[in-house]
Amino acid sequence: LNPNRAAFDVDFQSKWKGMSKADRKRLLAEDKAKIIALKSRGSETLPFEAEEEDHCETSPTAYSHIVPFLNLVAEKLNKDQSQLQIYDPYYCAGSIRTHMQALGFPQVHNIA
């Protein structure tokens with residue numbers, strides 16, 4: 001709802017004005033829970049030694065850049081993108097699974 005934020009959505013702002021108090025309260029609670037979950041990511045103890053500068057994750061935007069390539073791979077294998085099995089050996093907080101699932105690739109293997 002803040003136009004100074006990168007994710008500002010004009011359409012959502014106009015819908016917000018017409019929402020009931022209960023709907024607004026529910027959305028705010030959901031957002032708060034998501035923010036808490038995001039802040040706690042990466043704070044768990046890892047089963048291996050990690051350097052601070054190596055402990056970072058790839059952005060969702062970067063994953064979206066490889067979707068055309070992955071779709072080409074799926075096409076060459078005569079598979080749907082949802083059938084591709086993607087292995088990511090670089091475990092951090094595991095957000096690759098969430099990001100790739102949002103892009104239509106549910107089979108991501110990424111375990112510490």
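Let's start at R26, which counts as partly exposed because its relative accessibility is 42%. By that I mean in between two cut-offs: buried is under 20% relative accessible area and exposed is over 50%, with a 1.4 Å probe and protein chains only.

Before I go on, this is a predicted model, so local features need pLDDT of at least 70 and side-chain atom pairs count only at pLDDT 80 or more, while totals for chains, interfaces and linings use all residues. Residues are numbered from 1 along each chain as its sequence is written, and side-chain values use heavy atoms, with hydrogens and water left out.

Back to R26. Which residues does R26 pair with in salt bridges? One partner is D23, with the closest N and O atoms 4.0 Å apart. The other is E30, and there the closest N and O atoms are 3.0 Å apart. Those salt bridges share partners, and they join D23, R26 and E30 into one network. A salt bridge here is a side-chain nitrogen of Lys or Arg within 4 Å of a carboxyl oxygen of Asp or Glu.

D23 and R26 are both in helix α2, three residues apart, about one turn of the helix. R26 and E30 are also both in helix α2, four residues apart, again about one turn. D23 is partly exposed because its relative accessibility is 33%, and E30 is partly exposed at 33% as well. How many salt bridges turn up in a search of the whole structure? Two.

Now zoom out for a second. The chain has five helices and two strands, and from the N terminus on they run α-α-α-α-β-α-β. Those are DSSP runs numbered from the N terminus: helices are H or I with at least four residues, strands are E with at least two. Of the 112 residues of the chain, 18% count as buried.

Next, α4. Inside that helix, V67, L70 and A74 are buried. Seen down the axis of α4, the buried residues fall within an arc of 65°, so they line one face of the helix. That arc is taken from the directions from the helix axis to the C-beta atoms. Turn to the other side of α4 and you find P68, F69, E75 and K76 exposed.

Most residues other than glycine have a negative phi. N78 isn't a glycine, yet it has a positive phi of about 55°. N78 is exposed, with a relative accessible area of 72%.

Then there's charge on the surface. E49, E51, E52 and E53 gather in a patch of negative charge. For a patch like that, residues need over 30% relative accessible area and no salt bridge, and like charges are joined within 9 Å. Asp and Glu count as negative, Lys and Arg as positive, and His and the chain ends are not counted. E51 sits in the loop between α2 (21–40) and α3 (60–65), and at 47% relative accessibility it counts as partly exposed.

Last stop: A102, in helix α5 (residues 95–102). A102 counts as exposed, at 69% relative accessibility. How far apart are A102 and P60 in sequence and in space? They're 42 residues apart in sequence and 9.2 Å apart in space, C-alpha to C-alpha.

That's my tour, thanks everyone.

How values were computed: Patch = residues over 30% accessible without salt bridge, like charges linked within 9 Å, V, L, I, M, F, W, Y side chains within 5 Å. Areas by Shrake-Rupley, 256 points an atom, 1.4 Å probe, with all protein chains shown as cover. Charge placed at Lys NZ, Arg CZ, Asp CG, Glu CD.
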